[in-house]
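Dear colleague,

Here is the structure I said I would pass on. My notes on it follow below.

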Amino acid sequence: MFVRWLLPVLCSLSAEADFFHLDSISNVSTYYFNYIYCNIWEGDCQPNQDDATQQVPTRDIWAGFSQDYVSLLHQWYCSLGQCCDSGDCRITNNITGLARDLQTKLHGQHLAQSVVLKAIQGFINNPESNKPLTLSFHGWSGTGKNFVARIIADNLYRDGVKSECVRLFIAPFHFPHARLVDTYKGQLREAIRDLVLRCPQTLFIFDEAEKLHPGLIDAIKPYMDHYDNVDGVSYRRAIFLFLSNIGGATINDVALDFWHSGQNREDIGMEDLEHRLRAETMESQGGFAQSELMSGHLIDFFVPFLPLEYRHVKLCARDAYAARDLEMDEATLDEVAKAMLYVPKEERLFSAQGCKSIPQRINFFLP
């Protein structure tokens, strides 16, 4: 059984050996990737790495195989008892866990909670979707965009953002030089294609999307469009998340107007924001707004993240203490929350930093 399944794969690998460049399988700087995970995405840190290369991770060992060979290998893998009911143990699609985490871990974001859950659940429950799911997260830094992206990854994939089926791109780090945009185009297309070939359901996260070159987004636009396949590969089971600060001012203005009029922020609806958010995104500077992704109306949902108030900052502080098994009381949480900067100056209503710096800030309040 083992030989019967594996022999065609090994023969194919031998025949196409010259096609592969093994030194490019993991060509992102270890130092650089650890820096991102440690300082931005809060992953495991491995200091003292000094590899200075900065390239998008591209071709892997599956790129030279046809989808028939990938399917053949998958069947062999399952014959060894390594598959789950879902067909792939790497994919969990825990919608119940997603709903719970959005409800209990994300503070002050009733719109994001509702829209994200509806979008993800609808996509997962519709295997015949006619296009990939594309979400665009908007709001101030620290309001929860990265946090929600991690929650999605954690509940859809066994290994979260470290899953083989998830790829994170951070615009100014992965694509820093405008003069190299043509090189980046090829690398990015290759990276997306290879991951889709390797996983039946994929997640691509683009952080600081407003800093992407328009040509770079347009290069991958076909992968997000209503196509059965692109060059023989179907991308319909992919999820694309774009995170940006675009629209933050508009979102804050709406929240402030509601506060001034005595209305609850929980009464803010998508009808109050979606049209204005879409318009500001179209008019903003940067490649994201100028790309065919916007003009082609390929974004399924614009997700607004509201500015956080004092009470939400306290909840973030509570979670940060609990995550480290540290004792806390209301007075301590108040101290942490009061140490944050709030705007406008007169009302001190919204946290200018959101919850982003809370985990580091509580160090100043430890005995």
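**Helix packing and a buried glutamate**

Helix 4 and helix 5 lie roughly antiparallel to each other. This is a predicted model. The axes of helix 4 (residues 95–105) and helix 5 (residues 110–124) cross at roughly 175 degrees and come within 10 Å; an angle over 145 degrees counts as roughly antiparallel. On the helix 4 side, the contact is made by Ile95, Leu98, Ala99, Leu102 and Gln103. Helix 5 contributes Gln113, Val116, Leu117, Ile120, Gln121 and Ile124. By class, this contact of helix 4 with helix 5 has eight nonpolar and three polar residues, and no charged ones.

Further along is helix 14 (residues 310–323). With 14 residues at 1.5 Å a residue, helix 14 should span 20 Å, and its end C-alpha atoms are 20 Å apart, which agrees. His312, Val313, Lys314, Cys316, Ala317, Ala320 and Tyr321 of helix 14 are buried. The buried residues of helix 14 pack against helix 15 (330–338), strand 6 (342–343), strand 7 (350–351) and helix 16 (358–361). Just after helix 14, Asp325 has a positive phi of about 55 degrees.

Glu309 sits in the loop between strand 5 (301–304) and helix 14. Its relative accessible area is 13%, and the cut-off for buried is under 20%, so Glu309 counts as buried. The side chain of Glu309 makes a polar contact of 3.3 Å with that of Arg265 and one of 3.1 Å with that of Arg311. Leaving aside residues up to four places away in sequence, Glu309 touches Arg265, Leu349 and Phe350.

Regards

Key: Residues are numbered from 1 along each chain as its sequence is written. This is a predicted model: local features need pLDDT of at least 70, side-chain atom pairs count only at pLDDT 80 or more; totals for chains, interfaces and linings use all residues. Side-chain values use heavy atoms; hydrogens and water are left out. Axes are lines fitted to C-alpha atoms, for helices over the stretch in contact, and angles run from 0 to 180 degrees between N-to-C directions. Helices (H or I, at least four residues) and strands (E, at least two) are DSSP runs, numbered from the N terminus. Angles under 35 degrees count as roughly parallel, over 145 as roughly antiparallel, 65 to 115 as roughly perpendicular and the rest as oblique. Contact means heavy atoms within 4.5 Å. Ala, Val, Leu, Ile, Met, Phe, Trp, Tyr, Cys and Pro count as nonpolar, Asp, Glu, Lys and Arg as charged, and the others, Gly among them, as polar. The expected span of a helix is 1.5 Å times one less than its number of residues. Buried means under 20% relative accessible area, exposed over 50%, partly exposed in between (1.4 Å probe, protein chains only). A polar contact is a pair of N or O atoms within 3.5 Å; within protein, one must be able to donate a hydrogen and the other to accept it, and residues adjacent in sequence count only if both atoms are side-chain atoms.
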